[in-house]
Amino acid sequence: MARNFPAGIKEENGKLDISYGALTRLVVGINNKKLCVETEANKGATDDVIMDTNKRYRVFLEEATGYSAKERLKKAKKEVQGD
């Protein structure tokens, strides 16, 4: 997380919490062996900041899970369907 988001990371109740770029809050934790991510957007962020933050967020998720965006979507759909 520190590699993707050069910002102060706080740890609270087993979760990591930061504020960076277009995210006023990014909270990451593990629940039942699954990565749980909560975000809050900074609605006043500029387009450049949004693009940079989105790129960093996508890279972070891929590095944290080992799955590409397509693979994460496929897994999410499969979980919702109960297969």
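Author: A residue is called buried when its relative accessible area is under 20%, exposed when the value is over 50%, and partly exposed in between, with a 1.4 Å probe and protein chains only. The structure is a predicted model, in which local features need pLDDT of at least 70 and side-chain atom pairs count only at pLDDT 80 or more, while totals for chains, interfaces and linings use all residues. Residues are numbered from 1 along each chain as its sequence is written, and side-chain values use heavy atoms, with hydrogens and water left out.

The charged pairs come first. A salt bridge here is a side-chain nitrogen of Lys or Arg within 4 Å of a carboxyl oxygen of Asp or Glu, and the whole structure holds five of them. In one, R3 and E63 meet through their side chains at 3.1 Å, N to O. That bridge connects distant parts of the chain, since R3 sits in the segment before β1 and E63 in helix α1 (residues 47–65), 60 residues apart; helices (H or I, at least four residues) and strands (E, at least two) are DSSP runs numbered from the N terminus.

In another bridge, the side chains of E38 and K15 come to 3.7 Å, N to O. E38 belongs to strand β4 (residues 34–41) and K15 to strand β2, so this pair ties together parts that are 23 residues apart in sequence. E38 is partly exposed at 46% relative accessibility, and K15 is partly exposed at 37%. R25 and D17 form a further salt bridge, with their closest N and O atoms 2.9 Å apart; here R25 is partly exposed at 35%, but D17 counts as buried because its relative accessibility is 14%.

The aromatic side chains follow. Rings of Phe, Tyr and Trp (its six-membered ring) pair if their centres lie within 6.5 Å, and planes under 30 degrees apart count as stacked, over 60 as edge-to-face and the rest as tilted. This rule gives two aromatic pairs. F5 and Y20 make an edge-to-face pair, 5.7 Å from centre to centre and with 65° between the planes. The pair joins distant parts of the chain, with F5 in the segment before β1 (10–12) and Y20 in strand β2 (residues 15–20), 15 residues apart. F5 and Y20 are both buried, and together with F60 they form one aromatic cluster.

F5, Y20 and F60 also belong to the largest nonpolar core, which has nine residues, the others being M1, I18, L23, L26, V28 and L61. The elements giving two or more residues to this core are β2, β3 (23–31) and α1, and β3 supplies the largest share, three residues. Such a core is a set of buried Ala, Val, Leu, Ile, Met, Phe, Trp, Tyr and Cys residues joined through side-chain atoms within 4.5 Å.

N13, in the loop between β1 and β2, is exposed at 73% relative accessibility, and K33, in the loop between β3 and β4, is exposed at 83%. N13 has a positive phi of about 55° although it is not a glycine, and K33, also a residue other than glycine, has a positive phi near 65°.
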